[in-house]
Amino acid sequence: MSQPLIKKDDDRDDEAEYSPFLGIEKGAVLQEARVFNDPQLDPRKCSQVITKLLYLLNQGETFTKIEATEVFFAVTKLFQSRDIGLRRMVYLMIKELSPSADEVIIVTSSLMKDMNSKTDMYRANAIRVLCRITDGTLLTQIERYLKQAIVDKNPVVASAALVSGIHLLQTNPEIVKRWSNEVQEAVQSRAALVQFHALALLHQIRQNDRLAVSKLVTSLTRGTVRSPLAQCLLIRYTSQVIRESALNTQTGDRPFYDFLEGCLRHKAEMVIFEAARAITELSGVTSCELTPAITVLQLFLSSSKPVLRFAAVRTLNKVAMTHPMAVTNCNIDMESLISDQNRSIATLAITTLLKTGNESSVDRLMKQITNFMSDIADEFKIVVVEAIRSLCLKFPLKYRSLMNFLSNILREEGGFEYKKAIVDSIVILIRDIPEAKESGLLHLCEFIEDCEFTYLSTQILHFLGIEGPKTSDPSKYIRYIYNRVHLENATVRAAAVSTLAKFGALVDSLKPRIFVLLRRCLFDSDDEVRDRATLYLNTLGGDGQVVETDKDVQVFLFGPLDIPLVNLETSLKNYEPSEEPFDIHSVPREVKSQPLAEKKAPGKKPTGLGAPPTGPPSTVDAYERLLSSIPEFSNFGKLFKSSAPVELTEAETEYAVNVVKHIFDGHVVFQYNCTNTIPEQLLENVTVIVDASEAEEFSEVASKPLSSLPYDSPGQTFVAFEKPEGVPAVGKFSNMLRFIVKEVDTATGEAEDDGVEDEYQLEDLEVVAADYMMKVGVSNFRNAWESMGPDFERVDEYGLGPRESLAEAVSAVISLLGMEPCEGTEVVPSNSRSHSCLLSGVFIGNVRVLVRLQFGIDGPKDVAMKLAVRSEDESVSDAIHEIVASG
């Protein structure tokens, strides 16, 4: 056997450890493997060689086919030895080599002999190896032995068979499922590991049958599961059944919950903790139900075992996110953990206290944290910073002490992620607590004086350019910004020039001083810095005099880019240099174009996403060209938006039809894309009869039938409706496809002269409020929100009723409004009880709209929402609120 790791030199300060395997080579070890062929086997020497081979395999060394075969055949000769230790090494080696099917036969007889040996150690290991290397054919031969092994009196043998069954379930599920009776018997075993493995296998066998799992849990929760490990598994399966059956939302008896609560009084600590964690993670758990779980976790906080303290404080940390009041009773115990030797425990204790503490305890906590921060790693510091940010937003009156704490740790040593977390926290506090703006900006200015991270410097400069001009004394920030032009790299210098220009554009009294500074930047060594300075000097105007900057210039220089960058990049790549300058208004505003047709999968029927023979238009412009070429629709004006195709038939039906909704200011045109999937038929005079009785504000004004629809040739028919101009009218439309069908001779392709009039019922179609909104993102929502101004802002609160989750409520409102989520705010963190979402879009009439949504869980599952809308038109802001109120 290999030697354990030992110290090379006990006197060395670093006490470096070395490995006996250091520097071994595959070739040398393969030479040593020749000892397996010696007539007189040396078990100790053979075991050492196998150990080296196993080490090489586990380090990722690969053996060629020839090398692996030679080693395998040499190892099989070691079955002659009676040495138990060597035999166990042989088993390990065969498992690791994973011999091919033709080689397995060589050891099968030896392993089957060992499987029926009187030595239990041989039996258990032989079962594990056989099940690892065997295929389905051999498995049927040894199945009888495996069934016997599952109910064997020796727990080592029984566990080996059960664990092998768990592995075999992935490759031969049908065979393993036949062992249910034996596994059921093993679940009643008195041996702890056997019961644990048996329960795991039995659950895996039944996991796809929800009723069977429920019955298993029901029977075992009434019985006595002796093994603490099996009890932990049972608790997890019980939680799964509770989640799936939603028993915890029903009134009356809840036997499964009672079982979990009963486990809190178990003698094994692991079972108590597993039950407590399961209760805290139940959906819709109440404070009353949490109390017993919190009580046992509180006892664990004062345990002498670090693992129990860690487990308890980590669980309480998660509970504090959703039920902070339930954890407050543990605050005194957690305060004692701040000085815990284990820094992970101390960090979790701090962050939990920050979530559950009250306003009076903030100052005391800050003092304790100050001493604590220098002892922990950056990743723990980030967690603490994020918790402090949440605390400051919870108690805004305490912003001074919390802001001072953040500024102090900002000056200390730390990595990029840590410093970024602090800067992000200060920025959020400045944004959400108006009183914190002046001090927060000064803290950031002091930080960039010696900031080593270019990214953070440029971000802070950008933020200063937005917030600085709005303060009571903007001039005090100029010194900090201009210092960056002299002392930093080119990227930061360019950002500083832009920030100076923003102060000049927004603060007229500072413009002469800003012009002097910008002129100095014209001699910078970097062309980007010089170009920016030149641009700003020429566009700000007034030659440095105290005059108001033109609004159009401000929008041009610093306004939000309301065109998706991907679309701008594509348009610039496609632009061919000519006398015509590039027109930014030609860039499509849609986030992504919706294709009119999709390619059919080979060998399948057409999908019905039809397109004209000339080629499928893929943008609003292409749709507009198509519609303007039809005389009936040419006077409808500019097309505002075209929807994605909506299927009106099921897949694989005889006629495939989908519809695209084209929205104009005063009209809506339905484009029905039709495909005939029957080779023996020709359809003529194809029209769609639309019943608008459930759409009172719409009246049909024109239609364009399709003269002929041969097999597999998509075509379009159109129906136009008039509606009140600029109004987001909604309604439901019934559709009937009407046509004359003629039989076609498939041999000649000729159709009969006489046809029969026929009809085909299509799905209903709805025009919804989202159809009048175009998804247009903004690169900087806050900047866009501020520039929009509060003149036409409308704010109101709504109750959204019971929802499955906060994420489902957010998704429903986004779909209702049809707007583009900004800055990734459509993603709701798990277990979150509140969320903010930012939306942007263009409403019919080309009116820009910005929306701020704030969601919160009110009661067990009820969701409340605060909606703030800003737009360029008062009536549009009101319309958005009407859409939500009626939706």
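The legends below describe close-up views of a predicted model. Residues are numbered from 1 along each chain as its sequence is written, and side-chain values use heavy atoms, with hydrogens and water left out. Because the model is predicted, local features need pLDDT of at least 70 and side-chain atom pairs count only at pLDDT 80 or more, while totals for chains, interfaces and linings use all residues.

View 1. Glutamate 274 pairs with arginine 236 in a salt bridge (a side-chain nitrogen of Lys or Arg within 4 Å of a carboxyl oxygen of Asp or Glu), and their closest N and O atoms are 2.9 Å apart. The pair links distant parts of the chain, since glutamate 274 belongs to helix 15 (residues 269-280) and arginine 236 to helix 13, 38 residues apart; helices are DSSP runs of H or I with at least four residues, numbered from the N terminus. Glutamate 274 is buried at 8% relative accessibility, whereas arginine 236 is partly exposed at 45%, where buried means under 20% relative accessible area, exposed over 50% and partly exposed in between, with a 1.4 Å probe and protein chains only.

View 2. Lysine 305 and glutamate 269 form a salt bridge whose closest N and O atoms are 2.8 Å apart.

View 3. Lysine 573 and glutamate 569 form a salt bridge with their closest N and O atoms 3.3 Å apart. Because the two residues are 4 residues apart in helix 32 (residues 565-574), about one helical turn separates them. Lysine 573 is exposed at 64% relative accessibility, while glutamate 569 is partly exposed, with a relative accessible area of 44%.

View 4. The structure holds 0 disulfides, a disulfide being a pair of cysteine sulfur atoms within 2.5 Å. For cysteine 232, the nearest cysteine sulfur is that of cysteine 263, 8.7 Å away, and cysteine 232 is buried, with a relative accessible area of 9%. For cysteine 288, the nearest cysteine sulfur belongs to cysteine 330 and is 16 Å away; cysteine 288 is exposed, at 64% relative accessibility.
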